Amino acid sequence: MWLLVFICVSTAGAVPIKPSQDATTPATGNVTVISDVLQSASTESLKAGDIPLNDTHNVTSPAPGVTVSIMLDPPQRVSAETLEELQEDMIVQEGDILVTEDRNAVETLWPDAIVPYTISAELADRVSNIYTAFRMISDVTCIRFQQHTTELNYLKFQNGKGCASFVGCRGGAQTLYYARSCSVGNLCHEIIHALGLHHEHTRKDRDQYITVQWQNIMPGRQKNFNKKRGNTLNLPYDLNSIMHYGQYFFSQDGSPTVLSKQGKVQMGQRTHLSQLDIQRLNRLYHCDERAKTL
C-alpha cells in the first residue's frame, strides 16, 4: 500500500499535465460510501452509436439500436442512499479499509484527468448506462474514461446493494457499486464522487442556503447531514447540483429534511450536471490549464 501512497496526484501546487493516450497510474485517496434515489416508474430511452473503448479522449455512444434506459428521480424520501450503511458495513467487515474524508473536494485526483475502468460481466445489461454516465461528464469537462489494460489504479464497476463509491482516487482496483435500483443519474453522481467531490449539502457554508430539519431525519441517519470542512473551490453553493440531497432524503415520516432558504426550488435532481457542477469538475482537474498545454 505504501507504493500507492507515493503515486497519488495532489491538487495542491499541481502542475498541469498534458493528457496522453498512454496508460497512467492514478493516486490513492480517502473514502466514503454514497448512494442516490431509487429508480422511479418513469423511464426514457436514448438511442446510441459505437463506443471506441480504447479511446482515451472520447467516450461516444453504444452500438446502433441499443436502448439506454434513463430512470428519472421524482422527489421522494426513500432513497438508494438508505442502502449505503449496509454497503459500507459489508466493505468494512471484509477489508477494514475505509477512511472517512472530511472535505468537500479531495486533493487526490486521477492523473492526466484520465480514469481507466473495468465493468463486471454481471453488469452486461447495464453497460450502455455506464457509458451514458461517462458522457454526462466527458462531454462537458476534460475528464476522460478509458478501458483498463495494465494500469495499476482503475475504477472497477460491479453489482452491489446500492450505488456506492469511494471519494477520490484511492489506488489499486477501486470498486464502484452499481445496483439495478440506481438510475443513470445516480451512477453519474457516484462517478463524480470517485473523481473527488463530496455532497454539496455538507459544505461548511450550507447553513446560509438550507435549513436541516434534524427532527425529521431517520434515526441513525443524522450523520449524513453533517457539515464537512474543506475546499469549495471558491464556487457558489449550488442547490441544483447533482451532488445535493433532495428535500425529503432520509425522512422518517414524509416531512422535509432539507429546506431551501430561497423558497421553493428543486433539490436532489439526478438528471444532469448543473453549470456549477461542470465548473467545479473543470476547476478541480485544472481543465483550462490542460487545454493550454495541448
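This is a predicted model: local features need pLDDT of at least 70, side-chain atom pairs count only at pLDDT 80 or more; totals for chains, interfaces and linings use all residues.
1. Next, the largest nonpolar core, which has 43 residues. Ile192 is among the members that touch the most others, and so are Ile137, Ile143, Phe157, Ile191, Leu195 and Tyr285. Strands E5 (114-119) and E7 (154-158) each give two or more residues to this core, as do helices H3 (127-138), H4 (184-195) and H5 (275-284). Which element gives the most? That's H4, with 7 residues. Apart from this core lies another one of 11 residues, including Ile217, Tyr237, Val258 and Met267.

2. Now for the rings: the whole structure has 11 aromatic pairs. Take Tyr117 and Phe157, an edge-to-face pair at 6.5 Å centre to centre, with 85 degrees between the planes. Tyr117 is in strand E5 and Phe157 in strand E7, 40 residues apart, so this pair links distant parts of the chain. Tyr117 is buried at 2% relative accessible area, and Phe157 is buried at 0%.

3. Tyr209 and Tyr237 are stacked instead, 4.8 Å centre to centre with 0 degrees between the planes.

4. Finally, check two charges over rings. The charged end of Arg126 sits over the Tyr178 ring, 5.3 Å from its centre. Arg170 has its charged end over the ring of Phe166, 4.4 Å from the centre.

Note on methods. Residues are numbered from 1 along each chain as its sequence is written. Side-chain values use heavy atoms; hydrogens and water are left out. A nonpolar core is a set of buried Ala, Val, Leu, Ile, Met, Phe, Trp, Tyr and Cys residues joined through side-chain atoms within 4.5 Å. Buried means under 20% relative accessible area, exposed over 50%, partly exposed in between (1.4 Å probe, protein chains only). Helices (H or I, at least four residues) and strands (E, at least two) are DSSP runs, numbered from the N terminus. Rings of Phe, Tyr and Trp (its six-membered ring) pair if their centres lie within 6.5 Å; planes under 30 degrees apart count as stacked, over 60 as edge-to-face and the rest as tilted. A charge sits over a ring if NZ of Lys or CZ of Arg is within 6 Å of the ring centre and within 35 degrees of the ring normal.
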